[in-house]
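Q: I'm new to this structure and would like a close look at one part, the surroundings of the ligand. Could you walk me through that part and then show how the rest is arranged around it?

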Amino acid sequence: MPRRQLLLFPLPFQGHINPMFALAALLHSRSGGGDGVDFSITILHTTTHPITSPMHPSYRYVSLAPVDDELSNSNCDRELPPIDEDAAMHIFHLNARYQASFRDRVSAMLEDAEEEPVACVIADAHWFAVHAAARGLGVPSVALRTGSAASFCSFLAYPLLMQKGYIPVKVSVQESQLNEAVEELPPLRVRDLFRMDEGDPGLFAELLAKVVAGVRNSSGLILNAADSMESAEVDKIRRELAHIHVFAIGPLHKFTPHAAQPGQLPPDRTCLAWLDAQPAASVVYVSFGSLASLPGKHFVEMAFGLALSGRAFLWVVRPGSVRGPRGGAVETKLLEGLEEMTRGRGRVVEWAPQQEVLRHRAVGAFWTHCGWNSTFEAISEGVPLICAPRFGDQMGNARYATRVWGIAAEVEGGRWERGRIAAVIKAVMEGREGREIRERARELKQKLAVSVSREGSSHAGAERLVDYLKSL
Ligand code: UDX
């Protein structure tokens, strides 16, 4: 049988690119295998967000140009706000601009006798229009959902949650209402529901409905989640989507842990040498992922909270971490002051080699916004969390980390002040609560290690996925 292509199309954001590249590395490593069925990896990317990686020369990179006339009948011919304020609008925009371009390029590939035949399109679940276009071309499509299984359960439950009035969550309502339990999705409270506090809630609900419809109509769903951690949630998805293949194969990055991910900035590797000089489990690693930005006053409290905690820290401050036109100036001034206050106890970088940092013995806790990749990467290394969720799936991830897995403490949004921050850092790094959290984090790490080992459920899921792709 001739070699066939797998077309992989990540959503062009770091938290979506990383798991897609981890999946690419996994599939690439399983190609061949003596059964005569072989496939190659083609990465599709957009000209507006090019994604290529010289570290993976064996992949082919195909760039798609936007087709602007599709914008006229879409939700998105307005100026785009920052992504962390209205992710839904960005995602509609991408789907509208690239559907035709994807269809035309793949259709040309299918007609070209020189091209390797296309076995399957594996696109991010948020590329709903791409999944529809693949179906239209008669090519099987499989969705990669990069979030937790629990977060996809909230996607599935969204219409019901809206009908029952839980959503849209009104941030202005009383604290007691925000703390109300959502019966349909235990252990979530209203405040933990998947949402954006800014932007149009109707558009957000429409996006989730389109994502779910796209997944229902595809041939399969890959979850970056593990049965051993979220068995009830994975089962629920399998029951609801019994007509398609569901593969729970996380944590994806643990299958090929050293596969490089193309990053938005070059990682500052000097922080690894700095970590080498620190005692075991002594450093708080702080990063809020690739998208979140903070109001200046939150940034100030963070800096003072870190100083007051008395702990060593490694803090990722991306350019643009502080909101507003004067954000850069606030950042610079504060970081200079912080350096003075902490006398070399801290290290600030613009972008860290995060997976390596989390594997480092000197890291004792991770203060995170609870993006799913950050959460899963930390859990895979047994690193306890200090949760400070901002938007989207992050509140739900924080709830599971504190309540279900017991591996985290939370800096609640309403109590974002230096004394509270320092107290939470100390509670996780020292004392009885900290010891218990660390013990549970170690146990969960072991469970995940088993999941990706030969005996584990994620390993078995990955084998089923490879067999399925080879069968197409
Ligand atoms: C976004 C959403 O915010 C998140 O809630 C959702 O689950 C996925 O999409 P992001 O905010 O970027 O993602 O966070 P996260 O999911 O944690 O992904 C960030 C990725 O960037 C991680 O894989 C992390 O290892 C990497 N990273 C981050 C670095 O390599 N270096 C850094 O300095 C910071």
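A: Let's start with the classes used for residues: Ala, Val, Leu, Ile, Met, Phe, Trp, Tyr, Cys and Pro count as nonpolar, Asp, Glu, Lys and Arg as charged, and the others, Gly among them, as polar. Sorted that way, the shell around the ligand has 7 nonpolar, 17 polar and 2 charged residues. Before going on, a word on the source: this is a predicted model, where local features need pLDDT of at least 70, side-chain atom pairs count only at pLDDT 80 or more, and totals for chains, interfaces and linings use all residues. Residue numbers start from 1 along each chain as its sequence is written.

Now the shell itself. The ligand is surrounded by 26 residues, and the closest are Gly15, Gly289, Gln354, Gly371 and Ser374 (a residue is near a molecule or strand if its C-beta atom, placed from the backbone, lies within 6 Å of it). Three helices, H1 (14–30), H11 (354–359) and H12 (372–380), each supply at least two residues of this shell. Helices here are DSSP runs of H or I with at least four residues, strands are runs of E with at least two, and both are numbered from the N terminus.

Which domains does the shell draw on? At least three of its residues come from each of domain 1 (4–261 + 454–471) and domain 2 (269–430), with bounds taken from an automatic or database domain assignment. The C-alpha centres of domain 1 and domain 2 lie 27 Å apart. Their contact takes 27 residues from domain 1 and 23 residues from domain 2, where contact means that C-beta atoms, placed from the backbone, lie within 7 Å. On the domain 1 side, H1 and helix H4 (149–163) are the elements that give two or more residues. H1 turns up again here, giving the largest share of that side, 4 residues. By class, that side divides into 11 nonpolar, 11 polar and 5 charged residues.

On to the sheets. S2 (residues 39–46) and S3 are joined by 5 bridges in the parallel sense, and Thr42 stands opposite Arg60 in S3.

The other open sheet has 6 strands, ordered S10-S9-S8-S11-S12-S13, again with parallel pairing. S10 (346–349) and S13 (408–410) stand at its edges with a single partner strand each, so one side of each is left without a neighbour in the sheet. S12 (residues 385–387) runs parallel to S13, joined by 3 bridges, and Ile386 stands opposite Ala409 in S13. Helix H13 (residues 394–404) lies across S12 and S13, running at about 125° to S13. For such angles, axes are lines fitted to C-alpha atoms, for helices over the stretch in contact, and angles run from 0 to 180 degrees between N-to-C directions.

Finally, a helix pair: the axes of H9 (residues 296–309) and H10 (residues 327–342) come within 10 Å and cross at roughly 10°. H9 and H10 are therefore roughly parallel to each other, the term for angles under 35 degrees. Among the residues making the contact are Phe299 and Val300 of H9 and Leu334 and Leu338 of H10. By class, this contact has 8 nonpolar, 3 polar and no charged residues.

Methods
Parallel < 35°, antiparallel > 145°, perpendicular 65-115°, else oblique. Contact = placed C-beta atoms within 7 Å. Pairing = 2+ DSSP bridges.
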